[in-house]
Structures are given as structure tokens and as C-alpha cells.
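Please look over the sequence and the 3D structure shown here. The report that follows goes through charged pairs, cores, a helix and overall totals.

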Amino acid sequence: MVPTRRRLLQTAGATTLAALAGCSSASPLGSEDSTPEYTLDVESVDASPVEHALYRPGDGALFGDPARTALDAVLPDGRHTTYGYRPLPDDAYVARDGAYYQIKHVVTGRERLERALVRVDTVPRDQVPEDAVLVDSLPRPSARALKILHSYTQTDGETSTADLLRGDAYVLRRPAERESRLGAGDLDGRVVTMTADGAWAYRVDVTTERLLETAHTALAVAVADSRERFRDVVFGSRIDVELEADALAPETRDVLERAIARGSYVEQTPLSESYDALLRALGLGAVDRLSNDNLLWYDGGLYRYALYVSEGS
């Protein structure tokens with residue numbers, strides 16, 4: 001089986017197609033001179049479709065403990081309300097006592113609650129005190145919030161985690177955050193650094209405000225009363241494509257199995273008929289940029305696949 005991995009799109013080593021003299025045409029990516037390159041990534045999922053679909057909380061106080069508390073409250077037919085955050089993934093499948101459920105969230109109101117808000121101000125490197133706190137020396141509930149604020153500051157608010165902030169402040173909402181050194185105020189006024197040599201230093205400011213927080217109520221919807229029935233649920237909702245080897249033309253099957261064996265398969269346009277047929281069979285025929293996190297059930301095995309379209313050379 002192909003080892004599980006996350007592949008960064010690479011274009012090194014691509015074959016260059018000869019350009020027609022005096023002619024140019026726009027590629028799907030907007031370049032007039034490049035030849036699009038289609039990279040199909042395929043990785044084996046080392047689990048059955050049922051096991052892969054089921055959500056199980058991880059270890060740790062920050063995310064795992066609130067998730068377990070919520071599951072214990074909602075299964076089989078209860079409710080659990082949190083304010084300003086959701087402890088469980090939306091639409092997660094979970095199992096309890098041989099039955100299977102899907103987690104749903106509904107908004108059930110708002111409530112004004114006292115929250116600690118954390119902000120940071122940049123400190124010049126030559127002004128970093130000797131007692132500055134290295135962020136990686138802190139437990140995760142404090143370190144994570146400070147790293148999110150660091151990313152926000154360094155990218156001028158363009159970070160992918162900006163939606164976790166309220167303006168320029170991180171709000172401590174989860175139990176482990178409220179009980180952390182940040183929540184206790186131990187780091188208020190202290191300087192923290194992202195590296196041991198004092199680079200990227202910030203002075204921490206912790207304030208308390210009463211915020212109007214949205215109430216998120218989780219509940220569990222029963223979806224199956226046996227593993228066999230749940231398997232049908234999974235195939236109907238999570239598996240994007242089901243293929244049998246015998247249903248594919250030999251040339252198309254060969255391309256897929258090479259992609260599985262190698263972890264990826266690459267062609268530049270014009271694509272071969274067999275590769276084009278495979279992309280259409282995988283539901284990727286209309287993709288002109290990116291499609292990822294797709295699941296394939298092929299010949300008794302589960303695979304995750306993605307298509308990346310890049311500018312070739």
C-alpha cells in the first residue's frame with residue numbers, strides 16, 4: 001500500500017512540449033505560454049470505510065476533553081450547549097452501544113458571558129528581556145493562542161486562522177484555555193518569544209470583557225442500528241466514487257494502478273485518452289485547478305485522491 005502522506009504540488013522534472021511558432025493560447029490557469037500539468041495523487045487509507053468515517057476524540061485537554069464531555073451528554077438522545085465554540089465536528093459520525101449517529105449543531109440563542117481576550121504587541125529584538133517566555137515552553141492551551149496571534153500579526157491579518165479571532169484578539173473560550181496560564185492572567189504583561197534566540201517577540205495583554213456569545217447546541221441523529229446498515233450510510237455520504245477493476249478499460253486501469261503504486265501520476269496536455277478517461281471516471285473531468293480530499297473505493301480498497309492542475313514548463 002502507498003504510505004499515507006500529504007503531497008505538496010511540485011512541477012520539477014515536467015516534460016516540456018514544443019510550442020508552435022507564432023502561436024499562443026491561454027491555459028486554464030491564465031498563462032499563454034505554459035502547458036497545464038495534471039497531477040493525480042492517490043494514497044491508500046489504512047482503514048475500512050466504516051472505521052475511517054467514525055469520529056473519535058483525540059487525547060488532550062484542549063480539544064479531546066470537551067469533545068468527550070459533549071458526546072457523553074448527547075448520546076443517545078441528549079443535548080449539549082457551548083458558547084462561542086463547537087466541541088464536536090459538524091456532521092461527524094459516532095458510535096455508541098452498537099448504534100450509529102451523526103452529530104448536528106443548531107444555534108439556540110445568545111448569552112452575555114465574561115471572557116478573557118488576549119492581544120499581543122510586537123517587541124523589538126533588542127528590547128526583549130532576559131525573563132522572556134519561550135512560547136514552546138508553555139502548555140498547548142496557551143501556546144496555541146499565542147501562535148495564532150503571531151501568525152495574524154506577521155501576515156497583517158491574512159492568515160488562515162484569522163477567523164478564530166475577534167478583531168485582533170483571541171478569546172479564551174474552551175475550558176482548558178480558561179484554566180490556562182493565559183486565562184489565569186499569569187502572562188499578562190510578560191514578553192513571549194517564538195524562538196529561543198528572541199526573534200518574533202510580543203508583549204501579552206490580557207483583558208476581560210462581557211461578550212455576547214452564540215449558543216451552539218449539539219445533538220445526535222440516529223442513522224443506523226447495525227454496522228452493515230452504517231456501511232451503506234458511509235458509502236452513500238462519504239465515498240465519492242466506487243470503481244471495479246473489470247469495469248475500466250485496460251489502459252485506464254493501468255493508469256490508475258500506476259498512480260496507486262507510485263502515489264501519483266502526471267501528464268501534461270494534451271492528456272492521453274486513458275488518463276482523460278480515468279479523470280472522468282473519478283469525477284475530475286471538469287477540474288481546472290484543484291480537487292482534493294476525495295475518497296475512492298476501488299477493487300476492495302479505500303483510497304484518498306486529489307487532482308492538482310499546475311502550469312507546466
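## Salt bridges

A search of the whole structure finds 17 salt bridges; a salt bridge is a side-chain nitrogen of Lys or Arg within 4 Å of a carboxyl oxygen of Asp or Glu. The model is predicted, so local features need pLDDT of at least 70 and side-chain atom pairs count only at pLDDT 80 or more, while totals for chains, interfaces and linings use all residues. Residues are numbered from 1 along each chain as its sequence is written, and side-chain values use heavy atoms, with hydrogens and water left out.

One of the salt bridges joins the side chains of Glu51 and Arg56, at 2.7 Å from N to O. Glu51, Arg56 and Arg227 are linked in a network of salt bridges. Glu51 has a relative accessible area of 30% and is partly exposed. Three words describe such values: buried means under 20% relative accessible area, exposed over 50%, and partly exposed in between, with a 1.4 Å probe and protein chains only.

Helices (H or I, at least four residues) and strands (E, at least two) are DSSP runs, numbered from the N terminus. Asp72 is exposed at 53% relative accessible area, whereas Arg96 is partly exposed at 30%.

Glu213 forms a salt bridge with Arg115, and their closest N and O atoms are 2.9 Å apart. Since Glu213 belongs to strand β9 (residues 201-224) and Arg115 to strand β4 (residues 99-123), the pair ties together parts 98 residues apart in sequence. Both partners are buried: Glu213 has a relative accessible area of 2%, and Arg115 one of 7%.

## Nonpolar cores

A nonpolar core is a set of buried Ala, Val, Leu, Ile, Met, Phe, Trp, Tyr and Cys residues joined through side-chain atoms within 4.5 Å. The largest has 24 residues, and those with the most contacts inside it are Leu40, Leu296, Tyr298 and Leu307. Among the elements that give two or more residues to this core are β1 (36-44), α7 (250-262), β12 (290-298) and β13 (301-311). A second, separate core of 21 residues includes Ala143, Leu149, Tyr170 and Val192.

Contact means heavy atoms within 4.5 Å. Leaving aside neighbours within four places in sequence, Leu296 is in contact with residues including Val241, Leu256, Leu282 and Tyr305.

## Helix α3

Helix α3 (residues 140-154) has 15 residues and reaches 20 Å from its first C-alpha to its last, close to the 21 Å expected at 1.5 Å a residue. The expected span is 1.5 Å times one less than the number of residues. Buried residues in α3 include Pro141, Ala143, Leu146 and His150. After the helix comes Asp156, whose phi is positive, near 55°.

## The chain as a whole

The chain has eight helices and 13 strands. Buried residues make up 44% of its 313 residues. Of the contacts with a separation of 6 or more, 72% are between residues 24 or more positions apart.

The accessible surface of the chain is about 16,800 Å², and 45% of it belongs to carbon and sulfur atoms. Accessible areas come from the Shrake-Rupley method with a 1.4 Å probe; for residues, only the protein chains shown count as cover.
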